[in-house]
Amino acid sequence: MKRAALWRRIIRGIAPPVALALVAAACATASTRTSVVDHSEHAAPAATPTTASNTGGTTMTMLQMEEAKVKAFPAKTQGTGGAPLRGRLVNGVKVFDITATAVRWEVSPGQFADAYAYNGQIPGPELRVKRGDRVQIVFHNALPEASSIHFHGVTLPNAMDGVPFITQPPVMPGESFTYAWRVVDNPGTYMYHSHENAVEQVSKGLLGAFVIEPASKSWDIEQTLVLGDGALGFTINGKGFPATSPLVAKRGKRVLIRFMNAGQLLHPMHLHGFHFTVVARDGRPVESPYDLDTLVVAPGERFDVLFSANLLGVWAFHCHILSHVEGPQGMFGMVTALVVK
Amino acid sequence: MKRAALWRRIIRGIAPPVALALVAAACATASTRTSVVDHSEHAAPAATPTTASNTGGTTMTMLQMEEAKVKAFPAKTQGTGGAPLRGRLVNGVKVFDITATAVRWEVSPGQFADAYAYNGQIPGPELRVKRGDRVQIVFHNALPEASSIHFHGVTLPNAMDGVPFITQPPVMPGESFTYAWRVVDNPGTYMYHSHENAVEQVSKGLLGAFVIEPASKSWDIEQTLVLGDGALGFTINGKGFPATSPLVAKRGKRVLIRFMNAGQLLHPMHLHGFHFTVVARDGRPVESPYDLDTLVVAPGERFDVLFSANLLGVWAFHCHILSHVEGPQGMFGMVTALVVK
Amino acid sequence: MKRAALWRRIIRGIAPPVALALVAAACATASTRTSVVDHSEHAAPAATPTTASNTGGTTMTMLQMEEAKVKAFPAKTQGTGGAPLRGRLVNGVKVFDITATAVRWEVSPGQFADAYAYNGQIPGPELRVKRGDRVQIVFHNALPEASSIHFHGVTLPNAMDGVPFITQPPVMPGESFTYAWRVVDNPGTYMYHSHENAVEQVSKGLLGAFVIEPASKSWDIEQTLVLGDGALGFTINGKGFPATSPLVAKRGKRVLIRFMNAGQLLHPMHLHGFHFTVVARDGRPVESPYDLDTLVVAPGERFDVLFSANLLGVWAFHCHILSHVEGPQGMFGMVTALVVK
């Protein structure tokens, strides 16, 4: 909740009167400058029919629902995921305590799901380490079923790989298991998730980002976007629109996005108005970076992209499989926005 | 219709006796040269049983339907999409008039769908501009519902981005909205489509190519292929096989294909007999072009590919998700052909 | 069958007491070193409840099924596919005899499917040729329906392209057709499959690898992985886990994997513990090879990847669309393992 509140404060704080004002301004500008009719009436929530007589009540209701959702963005919900966790230092080892529990998770306003969370978060805390670190992830299983953690894309000893009956016994309810290794991979974006009954457990929320931090950064702002399409519906960082968090940047800032897909479908993520540069795939730098406006992220893949937030406005940012983002009642699911101020 | 007719004339005109003759010739050649039996009887449309006694009536019927479809290719249907539109010059501004209407669309011979079209075309007219152009797209909404246009991948001011309630009010039935900006993107392949109730509206046909033309071309022939998988079924440029248009090239010519996917599924497009070179993605040149025979195009992506038509014949060209191209009654949907003469 | 037996012998032979011992050892090591409880009881197949009182009988049953499947890996089944075939030399031509028949195919222990096979194998024999070879593939159709063969990605005369009614008549039951050409493509990974009623025929097993061998190899071991998702379920080389074959390598060996997808879905193949280097796509070398741990293979695509087997252990290797690999009864389908000893 703290994080969602923070976003709202950022959007509202930096350039009052808030993002909605930006939206309203954009609409007003557009109407004034280029539209041949006055649209202001359509922006009103009133149920009065428009001058277009062939617009039935159903259509208006759909538009009103649509508008209400946009106005609610970013909507407040209980719970927030992906808080950075850097561990506690114990005899030179970075120790991370991760507890899996069953939770009720508010995906979008008023929509709750039976979910599983690491440390009460979906996605789980973003584990942040550095190359050369000795790390211990102490996993406590407080779920009603067996579990385990696999560190996806990470180089580690086989016994730490997290696959029940192959590299370890399943971690039973009430039990613990410690994953310990020395980080040898290069800086980049990795993932961790359950590897037991995973179709269900990952779908319900047992996943998170594992980030190996670089010695120095070539960007001003960064944001991890974990894509999901399981038991919680279509989500970005565990939330569906309008409860997703916008990415807010001051004009001219360099932005890094870490994409990862913990779902079962591909998601072509489209950022309006920009091309971003793909600089890393699966935690490895790309030799010849390339520019896209639509980045396909398949299950298990990670991509790091960089761009300069050099165009003012509220830019839609969403999966381009349209049924993952829009229905008869307007936008939902895998939609967020880039707000450049 | 003019375009389909044109294709038929090209195929029939350049090297009579038409493509079918090419097909027949190929079959005859194959039979003569390498088959151990005389297949000529199977090419006949008659319902007489073959010498293969274990071939039941059902199988023959399937084969006959299959053959009839291939022979009908390219089949004549009402309506054709993607006609190039370069706008009219008004005070130094290129003005494009785009009207959205509900239409009946003939997807393949005799198969009509309730569709939406820009200027009566599916895909909408191919808007062709040059870098530096000042453009105005005057959008008239003659649909029974609200709409808007988003220019996908194009750099423009936020107010021109076409997202209802975020960058503009929805354009109501009977109303208009003018999108105006100066083209700053590099030459390449972009897209435009509805961004209101888009799952339905794009699926029904509200999409088109937006091409920024290069100063000079390194190819002889070009063709845009807009892939669709929505309310009109599996389509290439708004038509399903056998109503799709073949790509016809004289031997040795350089061919550019602009792929774009306005659907919800990925389509791995496979060209028989050739590898093509991917030279651009999402409107940006690829630094290290690479060769493929099967190009995956996901929703929202665009790819430009180049190749030399150096092998004579009729080459199947289709999505390699086989259920998008073939059923018990033979080929349908996302199938076309490259004809090299 | 010979091949599966060979694998088992390799795993058991090189470093007894077999792969399972490796698994058991890994589990034991993990328990001893890092787990806070003794897991040894969970490794036992007995149905006795654990100390975790909230673990119901259902969960234990699931875990037991899971464990039993892992222990059965690699499970013996009837039939094996993809045996290398180099043809017989007739007057300077390499002649390959390929007969398609209907078969009963054991996908995983006890699970049989009505299938189609080339030379009784699924995938069909791996046809291995060299650039410059004159080849003849003599196709005999012993199926109850018409068929044909398309050589996917291969450059050949149009009449040899294998598309019924376009480049040849369908090959009727009881008939034969000879595909003949001179191999002009560069060394790499190609595919062959039915191009008649292909949704069904390919799905049932009419597919195989076509490999153009290099003059010299830069790897020690190679393995082709043909991915399938049709009538036989989710398969790797025609088998579902635990009947899939592990990839076994001595530590330090260079391994080449040739991926190809003959199905209808994309499969992001994830190798635990390693990044591999993509060195070729669709039979063409990649100019700037890139490293991945999760490789998306879409229908019709081929990828060659190289890596060094430098980490000991049993490494899970599976599709990361989790519903293709795991269900309530444990792993199935597109799962195999890399065993480094």
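User: I read that buried means under 20% relative accessible area, exposed over 50% and partly exposed in between, using a 1.4 Å probe and protein chains only. What makes A:C319 count as buried?

Analyst: Its relative accessible area is 0%, and the limit is under 20%, so A:C319 belongs in the buried class. C:C319 is also buried, at 0%. Before we go on, this is a predicted model, in which local features need pLDDT of at least 70, side-chain atom pairs count only at pLDDT 80 or more, and totals for chains, interfaces and linings use all residues. Residues are numbered from 1 along each chain as its sequence is written, chains are lettered from A and ligands numbered from 1 in the order written, and side-chain values use heavy atoms, leaving out hydrogens and water.

User: How do you know that chain B and chain A touch?

Analyst: Contact means heavy atoms within 4.5 Å, and 51 residues of chain B are in contact with 50 residues of chain A. Buried area tells us about the interface as well: it is the accessible area (1.4 Å probe) that two parts lose on being put together, summed over both. Here that comes to about 4200 Å², with 61% of it on carbon and sulfur atoms. On the chain B side, B:N158, B:F165 and B:I166 lose the most area, together 18% of what that side buries.

User: What makes the pair A:D293 and B:R302 a salt bridge?

Analyst: The rule asks for a side-chain nitrogen of Lys or Arg within 4 Å of a carboxyl oxygen of Asp or Glu. The side chains of A:D293 and B:R302 meet at 2.7 Å, N to O, so the pair passes the 4 Å limit. Across the interface of chain B and chain A, the rule finds one salt bridge.

User: And which residues make the salt bridge between chain C and chain B?

Analyst: B:D293 and C:R302, whose side chains meet at 2.7 Å, N to O. The count between chain C and chain B is one salt bridge.

User: What makes B:H270 and B:D293 a polar contact?

Analyst: A polar contact is a pair of N or O atoms within 3.5 Å; within protein, one must be able to donate a hydrogen and the other to accept it, and residues adjacent in sequence count only if both atoms are side-chain atoms. The backbone oxygen of B:D293 lies 3.0 Å from a polar atom of the side chain of B:H270, so the distance is within the 3.5 Å limit. B:H270 counts as buried because its relative accessibility is 0%.

User: Which residues of chain C does B:H270 touch?

Analyst: Leaving aside neighbours within four places in sequence, the contacts of B:H270 include C:H150, C:H152 and C:G153.
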